[in-house]
Amino acid sequence: MPMRFLVQAPITTAVPIELTADRAHYLTRVMRLKAGDVVECFDGNGKVFVAQLGEVGTKRCTLLVTNQRPIAQRPAVKLHLGISLLKGQAMDRAIQQATELGVTSICLLDAHRSNVQLTAERLDNKMNHWQKIIAGACEQSGQLFLPTLSQPQSLERLIRSTTTEIIILDMQGEKLPVTLPAAERTLLMGPEGGWDEEERRLFAAHQLAHYQLTRGTLRAETVPSLSLIHI
């Protein structure tokens, strides 16, 4: 099977696609592809295209699209994940795992115990970095739909704005049932320090269900993979 990678630009058979310098370097220097080699590219919205490498240079590479595969269908059941901000690579791993398992959207949560302070400039850099994590995870796992990534917001704002069923992932909750009825859901994942009492009162006011994944204490970045497998 040809390697498949994301192209976040209009894809058409009429106009060659000019790849970025880092992507050109990866294909020609790391993967050792040459002019005429066949690859697949996808747009992150369910469309897959067959293409050949055209002009190849040290920092430049073009793709010539030859045909389009049948358009993929979105999963029938949407699953959203609210992730409290985590420090460093733990956040990267949480986003990566959620993407690989096919989450529909990722909303970043500024929980009271997140302990992550981001200036506007640093947040922009982080958002760009996490978008690259998402793109790479889709390429790695074969997911054809990029999940949307929302900027950090308060827990209360998310709870009040969502129209889906909400499940709180919480060590103090009941054991997660073996199976749940198929439905669109939003899972909320707390920070390393867990939910504080004010947040718990918010959950109680909205009568939200609490479930624990295991009886042991999990690292926060492990929760997305385990929860999405079970739900």
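Author: Buried means under 20% relative accessible area, exposed means over 50%, and partly exposed is in between, with a 1.4 Å probe and protein chains only. Bear in mind that this is a predicted model, where local features need pLDDT of at least 70 and side-chain atom pairs count only at pLDDT 80 or more, while totals for chains, interfaces and linings use all residues. Residues are numbered from 1 along each chain as its sequence is written, and side-chain values use heavy atoms, with hydrogens and water left out.

Reader: Okay, which helix is Thr28 in?

Author: Thr28 is found in helix α1. Helices (H or I, at least four residues) and strands (E, at least two) are DSSP runs, numbered from the N terminus.

Reader: And what lies 2.7 Å from a polar atom of its side chain?

Author: For Thr28, that's the backbone oxygen of Ala24. A polar contact here is a pair of N or O atoms within 3.5 Å; within protein, one must be able to donate a hydrogen and the other to accept it, and residues adjacent in sequence count only if both atoms are side-chain atoms.

Reader: Let's zoom out. How many helices and strands are in the chain?

Author: The chain has 6 helices and 11 strands. Buried residues make up 43% of its 231 residues, and the C-alpha trace spans about 60 × 40 × 30 Å along its principal axes.

Reader: How are the strands arranged in the sheet of 6?

Author: Those 6 strands form an open sheet in the order β8-β7-β6-β10-β9-β11, with parallel pairing. β8 (148-153) and β11 (209-212) are at the edges with a single partner strand each, so one side of each has no neighbour in the sheet. From one strand to the next, the twist averages 30 degrees. For angles like that, axes are lines fitted to C-alpha atoms (for helices over the stretch in contact), and angles run from 0 to 180 degrees between N-to-C directions.

Reader: What does pairing actually involve?

Author: Strands of a sheet pair through backbone hydrogen bonds, either parallel or antiparallel. The cut-off used here is that DSSP finds at least two bridges between two strands. Take β9 (residues 165-175) and β10 (residues 185-189), which pair in the parallel sense over 5 bridges. Ile168 stands opposite Leu188 in β10.

Reader: What about the sheet of 5 strands, what's its order?

Author: That open sheet runs β1-β3-β4-β5-β2, and its pairing is mixed. At its edges are β1 and β2, each with a single partner strand, so one side of each is left without a neighbour in the sheet. β2 pairs with β5 (residues 61-68) in the antiparallel sense over 2 bridges. Within that pairing, Leu63 in β5 is the bridge partner of Ile17.

Reader: New topic: what's the volume of the largest pocket?

Author: About 560 Å³. It has 19 lining residues, and the closest to its centre are Leu6, Thr20, Asp22, Arg23 and Glu139. On a 1 Å grid over the protein atoms alone, a cavity is a set of points where a 1.4 Å probe fits but cannot get out, and a pocket is an open set with protein on both sides within 12 Å along at least five of seven lines; lining residues have an atom within 4 Å of a point. Grid points are joined across faces, edges and corners, and the volume is the space filled by probe spheres set on the points.

Reader: Which elements supply the lining?

Author: β1 (4-6), β2 (17-18), α1 (21-30) and α3 (120-141) each supply at least two residues. The largest share, 5 residues, comes from α3.

Reader: One last thing, which residue other than glycine has a positive phi near 60 degrees?

Author: Arg32 is one of them, with phi near 60 degrees. Most residues other than glycine have a negative phi. Arg32 lies in the loop between α1 and β3 (38-42) and is exposed, at 60% relative accessible area. Asn115 also has a positive phi of about 60 degrees; its place is in the loop between β7 (105-109) and α3, and Asn115 is exposed at 55%.
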